[in-house]
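I opened a notebook page on this model to look up its helix contacts, cavities and pockets. The entries follow in the order I made them.

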Amino acid sequence: MALDSFSLYCMVPYLRERFEGRRVRDVGQESPHETVIRFQRRDAEESGPCVLISSHPTHARVHTTERFPKTKARAHFADVLYHHLGRCELRAVEQVGLDRILTLTFGPPPGFLGEGRGDRRLVAEMMGKHSNLILVNEDTERIVDAAKHVDESRNRHREILPGVTYVSPPPEDRLDPFAVTRDDLHALLTAGDDSPLWRRLMGAIGGFGPAFARALLEATPDPIDADSLWVTFAARIEALREFAITPVVTYESDEPTAKALSYALFPAEALDPAASVTTHQSVNDAIAAYHDRVLLQESLTQQRQALAQALTKR
């Protein structure tokens with residue numbers, strides 16, 4: 001399940017509170033897709049907190065983690081990040097519009113090392129197969145390096161290579177969900193479009209992903225009535241505006257290794273009776289719990305397949 005725009009919207013204040021003002025202590029990678037930044041601890045803490053940023057094509061995400069990579073071999077991209085961000089203070093955490101793009105802006109290192117040096121911006125683009133993590137020099141807007149290099153043979157409109165000027169992904173031409181009116185929803189319902197309503201909502205309103213759009217319709221008593229849809233829509237958007245969310249993870253059952261089905265900012269209205277739902281205090285905790293279980297399941301599946309292949313060869 002991909003990270004959606006509203007989940008990232010709710011993550012930003014969480015990350016700001018915990019990381020802004022801290023300096024980078026270390027950067028590590030266990031895989032080319034996952035980068036972990038450890039920050040310096042504060043007085044009462046036993047160790048500095050870590051944030052994981054993934055550019056995985058399926059599991060792109062950001063959340064805190066207690067696990068810092070312990071691999072002996074250093075990864076090139078992690079070394080580049082540490083060279084530019086080591087001991088630098090995180091000054092700002094921002095979402096670009098309502099896109100799935102997170103930016104972390106770091107000041108120069110302290111002392112003579114930082115004299116005359118500008119800020120560095122780490123851009124996490126969490127967009128499915130196009131996900132990437134890009135370090136940008138804010139003085140020149142040129143790319144320092146990226147987790148994935150993209151040359152003109154792969155994308156002639158937007159190269160992502162060291163030395164190339166950074167260009168943001170093109171903004172989506174969709175309505176601002178915090179400014180949508182009842183008339184906007186009525187126009188969607190009466191547009192004569194034969195596609196499913198959840199798809200129309202997703203295509204017309206910024207921030208809407210498949211899961212959020214479907215959940216909104218499930219929570220609406222009469223989703224094809226503009227007034228009914230507006231009541232549910234307005235309540236959900238106001239809850240998002242105030243960060244009044246109830247993050248949950250839904251599992252196939254209550255077994256300890258049960259498959260994780262989804263995470264959401266609001267409890268689902270309709271569930272399989274066998275499903276098990278766990279409520280979390282923050283969207284950060286929900287995203288981390290969901291992906292920990294998903295990755296565990298994938299690891300177990302890969303181990304079973306490897307064992308089956310080994311037995312077959314015998």
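Before the helices, I noted that axes are lines fitted to C-alpha atoms, for helices over the stretch in contact, with angles from 0 to 180 degrees between N-to-C directions. Helices (H or I, at least four residues) and strands (E, at least two) are DSSP runs numbered from the N terminus. The model is predicted, with local features needing pLDDT of at least 70 and side-chain atom pairs pLDDT 80 or more, while totals for chains, interfaces and linings use all residues. Residues are numbered from 1 along each chain as its sequence is written, and side-chain values use heavy atoms, with hydrogens and water left out.

**Helix 3 and helix 6**

I looked up helix 3 (residues 182-189) and helix 6 (residues 226-241), whose axes come within 9 Å and cross at roughly 130°. That angle makes helix 3 oblique to helix 6, since angles under 35 degrees count as roughly parallel, over 145 as roughly antiparallel, 65 to 115 as roughly perpendicular and the rest as oblique. In the contact (heavy atoms within 4.5 Å), helix 3 supplies Arg 182, Leu 185, His 186 and Leu 189, and helix 6 supplies Ala 226, Asp 227, Leu 229, Trp 230 and Phe 233. I sorted these residues into six nonpolar, one polar and two charged. For the classes, Ala, Val, Leu, Ile, Met, Phe, Trp, Tyr, Cys and Pro count as nonpolar, Asp, Glu, Lys and Arg as charged, and the others, Gly among them, as polar.

**Helix 4 and helix 5**

Next I took helix 4 (residues 197-204) and helix 5 (residues 210-218), with axes that come within 9 Å and cross at roughly 125°. Helix 4 is therefore oblique to helix 5. Their crossing is right-handed. On the helix 4 side I listed Leu 197, Trp 198, Leu 201 and Met 202, and on the helix 5 side Pro 210, Ala 213, Arg 214, Leu 216 and Leu 217. This contact has eight nonpolar, no polar and one charged residues.

**Cavities**

On a 1 Å grid over the protein atoms alone, a cavity is a set of points where a 1.4 Å probe fits but cannot get out, a pocket is an open set with protein on both sides within 12 Å along at least five of seven lines, and lining residues have an atom within 4 Å of a point. I found two cavities of 30 Å³ or more.

**Pockets**

Which residues lie nearest the centre of the largest pocket? I noted Arg 100, Met 127, Lys 129, His 130 and Ser 131, out of 31 lining residues. The volume of the largest pocket is about 730 Å³, and helix 5 gives the most to its lining, with three residues. The second largest pocket has a volume of about 440 Å³. Helix 5 also gives the largest share of that pocket's lining, five residues.

Definitions and conventions. Grid points are joined across faces, edges and corners, and a volume is the space filled by probe spheres set on the points. A crossing is left-handed if the near helix is turned anticlockwise from the far one by less than a right angle, and right-handed if clockwise.
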